[in-house]
Amino acid sequence: MEAFMLGAAEVLSLTTLAMMLAGAIAGIIAAAIPGFTVTMAIVLTLPLTFTMDPLQGISVMLSVYVGGYTGGLISAALLGIPGTPSSVATTFDAFPMARGGEPGRALSLGVWASFFGTVISTAVLIVAAPPLAVFAVRLGPWEYFSLIVFALTIVASLVGNSLQRGLIAALIGLAISTIGADPIMGRPRFDMGWELLRAGLPFLVVLIGIFAISQLASEVEDAKAIKRGEKLVDGDIDFKTWSVMREVLSRPVNLVRSSMVGVAIGALPGAGGSIANLVAYDQAKRASKTPEAFGTGTPDGIVASESGNSATAGGGLIPLISLGIPGSAVDAILMASLMVHGISVGPRLIMDNADLVYGMFIAMAVSSLMMLVVCVVSMRAFLRVAEVPKWVVVPVVLVCCVVGSFALNNRVTDLYLLAAIGLVGYALKALDYPLAPLVLGVILGPIAETNLRRALMTDADWTLFLTRPVSLIFLVAAVLSVAWAIRGILKARNQADPGKDPA
């Protein structure tokens, strides 16, 4: 209790609260700009915390962290462009809902889902951090590979109208992930002798090119509409805060399930919001009585994606606090911040610095509340984007995409890759190929390859994938997931053509 009170006293001081508020605002704005990720915002914040007390600095960085996970929703809903990798699935339903005349409702659903997702993950973090961390750290490369195989079955839920096109898009994504340096040996491969491809295709450049550039190109196809000053989104900008809150709470099963998915994936080192939002969306779609509504602007899709990705913030702190193992790049930066102040991160962190750990718990809860307040207060300002004509929005967003892609590695060659990938994305979109499976392949491909090769280098016996219990559970779940998806596709085809023989 004494440690809890000491932590609360420092976090709830006026100075710390003011800095956390500034951090939450910065995180939301940074993530709302396509190409500027949560990691970038945290990296820029880190040097500013060196002169602060350890808990004060961590609290500010956590507020940027929590705000960043929500900020990506803004561009996802209003522009159809995920502001961060963790907002990819949010575009599937938030943008159609905004295009359908309800941009305020789309944003409000995402904000409340993010808030509740963070709160749930914080509660789990406080109660179950040690046992979950021990379980996560015991997973070997066999379990991680099987988990990624299970995650790849999500493709079946993202294929759109054509299973074949969806699978082709996923294979293109997996192929893209193999270009560049070998993840284990570091040898160049599939670069065709081009210096441009020797470093590989950075994930963020692929994400921005596939989603942002292709979407912006689609928006300017109609020259007459541009001249008339048409808007990207047209509709009611009223966000009806409290009625939308009740709408989110009226879906408790989806909200809690998606949040727990985010916590579990966040607790696995190397995973994160980019996987959690897609897995949560997939599970919500599979459990829904109306899966055909997903992708057309259903609230369940927004709630699942946003609560899932925001819950990884708390989940990622579980191995960090309990074992000193960062769950993601952002958690690694948080760990570096503690080490700069001479705090040893590891199993004894909670024993030697209990006030700091309890303060981090409180900071997570306070950050989520600040994020909610900032978003509700500034929602109408964000929604004004919907009133800006396309001829203004498109070039401004394009410049942000270019700057974000360049700032990632400070390489001009990344801009050439951005243009080329954008053209590929535009062509695929014009041919009615779903883009989400491609991005999923790019995300999961390197993780799957790295863990497969580590497993085989550790022990060449491939049967370990089947004899290790957790690995076997993931593989069985993958088989059941594929069978369930095939069943759903056949059922939909039979309903569309009742006279056709199911065989």
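Predicted model: local features only at pLDDT ≥ 70, side-chain atom pairs only at ≥ 80, totals over all residues.

Residues are numbered from 1 along each chain as its sequence is written, and side-chain values use heavy atoms, with hydrogens and water left out.

The protein contains 23 helices and two strands. Here, helices (H or I, at least four residues) and strands (E, at least two) are DSSP runs, numbered from the N terminus. Of the 503 residues, 55% are buried. Buried means under 20% relative accessible area, exposed means over 50%, and partly exposed lies in between, with a 1.4 Å probe and protein chains only. A contact means heavy atoms within 4.5 Å. Among contacts between residues at least 6 apart in sequence, 80% join residues at least 24 apart.

Let us turn to the interior. A nonpolar core is a set of buried Ala, Val, Leu, Ile, Met, Phe, Trp, Tyr and Cys residues joined through side-chain atoms within 4.5 Å. Which members of the largest core touch the most other members? They are Leu62, Tyr65, Leu107 and Leu317, in a core of 75 residues. Helix H18, residues 354-383, gives the most to this core, with 16 residues. A second, separate core has 59 residues, including Ala170 and Leu428. Leu107 touches Leu73, Ile74, Ala77, Leu78, Met379, Phe382 and Leu383, leaving aside residues up to four places away in sequence.

Helix H18 also meets helix H1. Their axes come within 7 Å and cross at roughly 55 degrees; axes are lines fitted to C-alpha atoms, for helices over the stretch in contact, and angles run from 0 to 180 degrees between N-to-C directions. H1 is therefore oblique to H18. Angles under 35 degrees count as roughly parallel, over 145 as roughly antiparallel, 65 to 115 as roughly perpendicular and the rest as oblique. Leu6 lies in H1, which spans residues 2-11. Leu6 counts as partly exposed because its relative accessibility is 49%. Leu6 and Gly359 are 353 residues apart in sequence, but 7.8 Å apart in space, C-alpha to C-alpha. Both are among the residues through which H1 and H18 meet.

The second pair is H3, residues 38-45, and H4, residues 54-78, whose axes come within 9 Å and cross at roughly 160 degrees. That angle is why H3 counts as roughly antiparallel to H4. In H3, Val38, Ala41, Ile42 and Thr45 meet Val60, Met61, Val64, Tyr65, Gly68 and Tyr69 in H4.

Finally, the loops. Asp93, Met97 and Ala293 are touched by Thr298, not counting residues up to four places away in sequence.

Phe190 lies between strand S2 and helix H9, and has a positive phi of about 55 degrees although it is not a glycine. With a relative accessible area of 55%, Phe190 is exposed. Asp432, in the loop between H20 and H21, is likewise not a glycine and has a positive phi of about 70 degrees. Asp432 is partly exposed, at 43%.

Thank you for your attention.
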